[in-house]
2 protein chains.
Amino acid sequence: MKKFINTPDTVVADALRGMAVAYPQLSIDVEKRLVVRGDAPVAGKVGILSGGGAGHEPLHAGYVGFGMLDAACPGEIFTSPPPLQVLEATRRINAGAGVLHIVKNYTGDVLNFEMAADMARAEGIEVAAILVTDDVAVSDSLYTAGRRGVGATVLVEKICGAAAERRWPLDKVAALGNRVIRNARSMGIALTSCTVPAAGRPTFAIGEDEIEVGIGMHGEPGRYRQGIAPASELARILLDTILDDMPLAAGEPVLVFVNGMGATPLMELYIMLEELSKLISARGLVLDRTFTGSYMTALDMAGCSVTLLHLDEEMREFWDAPVSTPGLTKGTV
Amino acid sequence: MKKFINTPDTVVADALRGMAVAYPQLSIDVEKRLVVRGDAPVAGKVGILSGGGAGHEPLHAGYVGFGMLDAACPGEIFTSPPPLQVLEATRRINAGAGVLHIVKNYTGDVLNFEMAADMARAEGIEVAAILVTDDVAVSDSLYTAGRRGVGATVLVEKICGAAAERRWPLDKVAALGNRVIRNARSMGIALTSCTVPAAGRPTFAIGEDEIEVGIGMHGEPGRYRQGIAPASELARILLDTILDDMPLAAGEPVLVFVNGMGATPLMELYIMLEELSKLISARGLVLDRTFTGSYMTALDMAGCSVTLLHLDEEMREFWDAPVSTPGLTKGTV
């Protein structure tokens with residue numbers, strides 16, 4: 001294993017120390033594994049919290065800041081954060097307007113966030129939780145009952161973050177988040193495995209010309225394997241699978257998110273976007289917004305995922321709203 | 001070779017088509033391989049142009065926009081753009097205040113940009129050129145006479161771009177760029193090779209536990225090979241090599257740029273930043289600004305480079321100035 005690390009045991013703490021050097025505007029508690037907006041709690045604002053196993057950077061810690069998350073609580077690599085860590089993050093961002101937990105559907109995350117929410121409520125903090133379940137690849141997996149939460153998480157964090165910044169109340173922010181989740185689907189392809197530092201070797205073996213279709217973001221199995229194919233064909237497989245699950249009428253506006261899994265060059269993501277764009281037009285859909293980059297990764301995995309979000313006016317408005325975080329910045333804050 | 005491409009021949013054109021879908025605010029001419037600000041030429045402003053072989057994305061095309069480049073002219077992968085392409089880009093961004101060519105020191109780039117500059121001058125366009133030569137690893141290489149231009153290129157583009165946005169005249173922008181170049185040094189380490197699509201196999205072979213110190217950004221050889229070592233030790237090697245070449249007195253302010261080569265997870269870059277930060281403090285230097293991410297890549301190479309810039313007031317001011325491009329956005333435009 002070749003990585004820029006000191007020891008596998010200290011990877012998350014060392015990376016958080018580096019983030020603290022890079023982003024002094026964030027309040028980073030390395031011991032408690034909390035990444036919090038420096039100005040939290042923000043008066044009158046619903047606090048937006050997400051978290052989960054580390055190894056998916058910039059998700060989630062990189063999305064803490066104006067217009068997105070108030071805090072993130074990273075666990076160990078690919079490991080859920082314990083309930084007390086989630087509770088502490090919830091406390092730190094509660095300004096009295098309540099806290100939204102954005103939870104990816106992995107068994108550990110679901111249990112730990114639920115326990116933390118119960119404890120926070122016992123302290124008088126209003127908590128709502130939404131469960132991201134956008135991965136159409138598999139019904140259940142090594143890590144989940146039900147569909148996994150993948151790329152749509154970034155869209156949910158952005159859109160709910162913008163609504164909270166606009167001082168929407170907790171129930172409305174949660175309802176908006178659930179609407180995004182209902183209208184988003186994702187599907188991914190892995191070209192290579194990732195290597196978890198503590199394991200020291202690739203999570204799975206895959207042939208020189210073989211790809212895994214429907215991959216998860218921890219290297220868990222997808223739907224099937226096949227040979228490598230042209231980008232045009234891979235784009236078709238991903239889009240067809242998504243639209244089979246979420247049929248859309250001609251003329252409907254969509255946001256397409258082409259996400260790199262960590263080791264895939266930006267050029268290749270643009271090539272996928274171009275192919276998807278042609279297919280989306282051929283279906284009569286309106287490619288209303290695009291989002292391309294490595295925003296939710298699986299360590300050093302080569303691969304990509306595609307997320308399609310069926311947009312409405314409110315989602316579009318909040319997607320376009322200003323945001324200022326280490327991992328995503330746009331517009332005038 | 002497993003990549004999200006259609007055919008090796010169409011990689012650059014397909015990726016530019018994807019960029020055009022993603023960034024309608026840019027004017028992208030796929031046939032002529034030009035990426036130009038939609039509002040170019042900008043009245044009264046020096047035009048800032050860079051270019052070179054593709055495969056280093058987001059460099060350069062991703063830095064076209066307010067506060068950075070007016071245009072980029074990508075060649076084929078790791079191949080210089082021909083003079084007529086550079087000339088056409090120069091024409092399109094000349095608003096009468098002249099054009100600055102930011103050229104990385106590779107033999108093909110230098111020749112082609114010089115020819116283009118001569119042709120542009122013959123048409124009455126004022127052109128100044130600056131040569132980026134920040135790589136301390138080697139004196140000459142497969143691709144260069146003299147030092148290669150690497151990470152400092154991004155800093156030069158940002159700082160000169162901001163000065164041009166402030167309507168500085170051409171000679172002053174060029175002088176500022178040369179000052180940045182004189183005060184910047186870089187050094188990199190590769191963990192793996194990259195794979196050029198047209199070649200179809202890794203550029204070089206490297207052992208399972210072996211790293212290449214002083215690597216170039218095309219997979220050309222560096223200084224030596226050694227075994228993998230902890231991040232703290234690798235950071236020390238990179239920083240020592242840089243500071244041996246550019247000794248700085250205690251108390252001097254520096255910007256440190258930790259750059260991923262394409263396949264290196266963000267977590268590992270933060271770990272390197274943390275180690276560099278400790279070493280920089282131990283040397284008595286002031287870590288004044290940091291910049292961390294995969295901003296100048298070598299396709300799918302795993303590795304990182306470190307660039308140290310000895311800051312002065314003007315450089316800091318222009319570094320902090322607003323910028324809005326696909327690859328780098330900050331501040332209020």
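The model is predicted, so local features need pLDDT of at least 70, side-chain atom pairs count only at pLDDT 80 or more, and totals for chains, interfaces and linings use all residues. Residues are numbered from 1 along each chain as its sequence is written, chains are lettered from A and ligands numbered from 1 in the order in which they are written, and side-chain values use heavy atoms, with hydrogens and water left out.

**Where chain A meets chain B**

- In chain A, 61 residues are in contact with 61 residues of chain B. Contact means heavy atoms within 4.5 Å.
- About 4,600 Å² is buried between chain A and chain B. Carbon and sulfur atoms give 66% of that area.
- On the chain A side, Lys2(A), Phe4(A) and Met267(A) lose the most area to chain B. Together they give 22% of what that side buries.
- Buried area is the accessible area (1.4 Å probe) that two parts lose on being put together, summed over both.

**Salt bridges**

- Side chains of opposite charge can pair when their charged atoms come close.
- A salt bridge here is a side-chain nitrogen of Lys or Arg within 4 Å of a carboxyl oxygen of Asp or Glu.
- The count over all chains is 64 salt bridges. Between chain A and chain B the count is 2.
- Lys3(A) and Glu268(B) meet in a salt bridge, at 3.8 Å from N to O.
- Within chain A, Lys278(A) forms a salt bridge with Glu275(A), and their closest N and O atoms are 3.5 Å apart.
- Lys278(A) and Glu275(A) are 3 residues apart in helix H7 (residues 266-282) of chain A, so about one helical turn separates them.

- Helices (H or I, at least four residues) and strands (E, at least two) are DSSP runs, numbered from the N terminus.
- Two packed helices are described by the angle between their axes and the distance between the axes.
- Axes are lines fitted to C-alpha atoms, for helices over the stretch in contact, and angles run from 0 to 180 degrees between N-to-C directions.
- The axes of H4(B) (residues 152-165) and H5(B) (residues 170-182) come within 9 Å and cross at roughly 155°.
- H4(B) and H5(B) are therefore roughly antiparallel, a term for angles over 145 degrees.
- H4(B) passes H5(B) in a right-handed crossing. Right-handed means that the near helix is turned clockwise from the far one by less than a right angle.
- Residues of H4(B) in the contact include Val156(B) and Ile159(B), and those of H5(B) include Val173(B) and Leu176(B).
- By class, this contact of H4(B) with H5(B) has 9 nonpolar, 1 polar and no charged residues.
- Ala, Val, Leu, Ile, Met, Phe, Trp, Tyr, Cys and Pro count as nonpolar, Asp, Glu, Lys and Arg as charged, and the others, Gly among them, as polar.

**Helices H6 and H7 of chain A**

- The axes of H6(A) (residues 231-245) and H7(A) come within 9 Å and cross at roughly 60°.
- H6(A) and H7(A) are therefore oblique to each other.
- The crossing of H6(A) with H7(A) is right-handed.
- Among the contact residues are Leu234(A) of H6(A) and Glu275(A) of H7(A).
- By class, the contact of H6(A) with H7(A) has 10 nonpolar, 1 polar and 2 charged residues.

**Backbone features**

- A cis peptide bond joins Glu57(A) and Pro58(A), with omega about 10°. Pro58(A) lies in the loop between strands E3 (47-54) and E4 (71-77) of chain A.
- In chain B, the peptide bond from Glu57(B) to Pro58(B) is cis, with omega near 10°.
- Arg33(A) is not a glycine, although it has a positive phi of about 60°. Arg33(A) lies in the loop between strands E1 (26-29) and E2 (34-37) of chain A.

Notes:
Angles under 35 degrees count as roughly parallel, over 145 as roughly antiparallel, 65 to 115 as roughly perpendicular and the rest as oblique.
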